[in-house]
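Please look over the sequence and the model before reading on.

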Amino acid sequence: KYSRKHFNKMRKWTNCHGIAMGPKGQKYIGEFYKGEFHGQGIFRHEGREYVGQYKKHKRHGQGTYTYANGDQYVGEWKKGLRHGKGTFTYTNGKIETGIWKKDKLIKLKE
């Protein structure tokens, strides 16, 4: 999360591209609307990376999230959670493909 002071500086960024640096080393490169991540962007922090779409400062739409340990989810997001069609690939080789709802796999693809 960004501090209120940091957010106040970004609040005026709208319909633009930019780079935001967080107080703990977070980095976002992408589109903004009313100071929030909105549109296409890349977020990086402590070995984690998300490349994809945002809506109102949350992962929303199509995107790829790579965890610090190398696990990766590719698919649909809604309000910051895995939601819709997607594939989770673990570093040990296990793959889960199917329908996700509120961050949980509910139906495996057959």
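## Basis of the description

A residue is called buried when its relative accessible area is under 20%, exposed when that area is over 50%, and partly exposed in between. By this scale Glu 49, at 26% relative accessibility, counts as partly exposed. The model is a predicted one, and the values given below are to be read with that in mind.

## The sheet

Nine strands form an open sheet in the order β1-β2-β3-β4-β5-β6-β7-β8-β9, and their pairing is antiparallel. The edges are formed by β1 (16–21) and β9 (104–108), each of which pairs on one side only, and the twist from one strand to the next averages 20 degrees. Strands of a sheet pair through backbone hydrogen bonds, in either a parallel or an antiparallel arrangement.

## Strand pairs and hairpins

Strand β2 (residues 27–33) pairs with strand β3 (residues 36–45) in the antiparallel sense over six bridges, and Ile 29 has Ile 42 as its bridge partner in β3. Strand β4 (residues 48–55) is likewise joined to strand β5 (residues 58–66) by six bridges, the two running antiparallel, with Tyr 54 standing opposite Arg 59 in β5. The hairpin of β4 and β5 has two residues between the strands, and in this hairpin Lys 56 takes a positive phi near 50 degrees.

On to the next pair: β5 and strand β6 (residues 72–78) run antiparallel and are joined by six bridges, and here Gly 61 stands opposite Trp 77 in β6. The hairpin of β5 and β6 has five residues between the strands, and Gly 70 takes a positive phi near 100 degrees in it.

## The loop between β1 and β2

Lys 24 lies in the loop between β1 and β2, and it counts as exposed because its relative accessibility is 66%. The C-alpha atoms of Lys 24 and Glu 46 are separated by 9.2 Å, although these residues are 22 residues apart along the chain.

## The nonpolar core

The largest nonpolar core has eleven residues, namely Ala 20, Tyr 28, Phe 32, Phe 37, Tyr 50, Tyr 54, Tyr 65, Tyr 73, Trp 77, Phe 88 and Trp 100. The elements that give two or more residues to this core are β2, β4 and β6.

## Salt bridges

Side chains of opposite charge can pair when their charged atoms come close. How many salt bridges does the structure hold? There are three salt bridges. One of them joins the side chains of Glu 49 and Arg 44, at 2.5 Å from N to O; Arg 44 is partly exposed because its relative accessible area is 37%.

Another salt bridge is formed by Asp 103 and Arg 82, whose closest N and O atoms are 3.0 Å apart. This pair links distant parts of the chain, since Asp 103 is in the loop between β8 (95–101) and β9 while Arg 82 is in strand β7 (residues 81–89), 21 residues apart. Asp 103 is partly exposed, with a relative accessible area of 28%, whereas Arg 82 counts as buried at 12%. Lys 94 forms a salt bridge with Glu 96, with the closest N and O atoms 3.4 Å apart; Lys 94 counts as partly exposed at 45% relative accessibility, whereas Glu 96 is buried, with a relative accessible area of 16%.

How values were computed: Residues numbered from 1 in each chain as written. Predicted model: local features only at pLDDT ≥ 70, side-chain atom pairs only at ≥ 80, totals over all residues. Heavy atoms only, no water. Pairing = 2+ DSSP bridges. Helix = DSSP H or I, 4+ residues; strand = E, 2+ residues; numbered from the N terminus. Axes fitted to C-alpha atoms, helices over the stretch in contact; angles between N-to-C directions. Buried < 20%, exposed > 50% of the residue type's maximum accessible area, 1.4 Å probe, protein only. Core = buried A, V, L, I, M, F, W, Y, C linked by side-chain atoms within 4.5 Å. Salt bridge = Lys/Arg side-chain N within 4 Å of Asp/Glu carboxyl O.
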